[in-house]
Amino acid sequence: MDILADLLSSRCFLCKGKGKFICPKCLSKFEPSIQKCIVCENFSENGVTHPLCKIANPNSPDVYLSLFEYNFIAAKVLKMSKYPPYYFYLLRFLILNYYPKLDSFSFFACPIPISANKMYEREFNQSEIITNALFDATGILEISILNRNRDSIPLYLLDKIQRKRELKNIFKINSLKFFADFFGYKNVLVVDDLKTTGETIFQAVSTLKKHGFNNISAFSLFTT
Ligand SMILES: [Zn+2]
Ligand SMILES: [Zn+2]
């Protein structure tokens, strides 16, 4: 498959039917997310973490937003963007068309990092693609202040408790924190492609809090 040819064509990437990138028929198969509290997963206006849930889980973000439910079409988009032929433009397309309303002036965006090994294999981080698109859509600046300490076992093989153990202290702050400090940014938006149990986000929040960030929100393109 030739990516350039596909980019220039007016064929839908998903069904090869008529339409640029994603045709209206495929677009209609994405289900907009209902905003929920990331801790108890019950409805919450604008994705705000309930005050009692925040006490129960001090590593929860203040607000968690997502765009779409993780269904078969979301799975297809993620697969096509993460593995050859690396159609990550699909992630970008979704963000540019459906981005969330963000307070982009007081927050900076920090993508969930992948390990150095994975970066070497894949040459890009899909959360960073999403963060870049968010910048183009909303003007929110990216400062990638998190690194990953190690590879993890593929998370889909693990249950909730195993994930928690596997992800514990998986992130560390890198030297780009200097820029966040320099610009006086205290508020962080953690960005991921897919949220499942929320443990990855909780671990990112935990690391950020240890380094003095107190106002932390999170966003993922897809949610289970
Ligand atoms: Zn289509
Ligand atoms: Zn709650």
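Me: Is helix 10 largely enclosed or largely open, going by how many of its residues are buried?
Reply: Keep in mind that this is a predicted model. A residue counts as buried if 20 or more other C-beta atoms lie within 10 Å of its own. Nine of the 12 residues of helix 10 pass, among them Phe 202, Val 205 and Leu 208. So the rest of the structure leaves helix 10 largely enclosed.

Me: What covers the buried residues of helix 10?
Reply: The cover includes one helix, helix 8 (160–167). Strands take part too, including strand 4 (146–148), strand 5 (171–173), strand 6 (187–195) and strand 7 (215–223).

Me: How far does helix 10 reach from its first C-alpha to its last?
Reply: Helix 10 runs over residues 199–210, which is 12 residues. At 1.5 Å a residue you'd expect 16 Å. The span in the model is close to that, at 17 Å.

Me: How do helix 5 and helix 7 run relative to each other?
Reply: Helix 5 (residues 89–98) packs on helix 7 (residues 126–138) at an angle of about 30°, with the axes 9 Å apart. Angles under 35 degrees count as roughly parallel. That's why helix 5 and helix 7 come out as roughly parallel.

Me: Is Pro 100 buried, partly exposed or exposed?
Reply: Pro 100 sits in the loop between helix 5 and strand 2 (107–111), and it touches Leu 65, Leu 67 and Phe 219, leaving out residues up to four places away in sequence. Buried takes 20 or more C-beta atoms within 10 Å, and exposed takes 12 or fewer. Pro 100 has 19, so it is partly exposed.

Me: Is Asn 46 buried or exposed?
Reply: Asn 46 lies in the loop between helix 2 (24–27) and helix 3 (51–56), and its phi is positive, near 55°. It has 10 C-beta neighbours inside 10 Å, so it counts as exposed.

Terms used: Residues numbered from 1 in each chain as written. Chains lettered and ligands numbered in written order. Predicted model: local features only at pLDDT ≥ 70, side-chain atom pairs only at ≥ 80, totals over all residues. Axes fitted to C-alpha atoms, helices over the stretch in contact; angles between N-to-C directions. Helix = DSSP H or I, 4+ residues; strand = E, 2+ residues; numbered from the N terminus. Parallel < 35°, antiparallel > 145°, perpendicular 65-115°, else oblique. Expected span 1.5 Å × (residues − 1). Contact = placed C-beta atoms within 7 Å.
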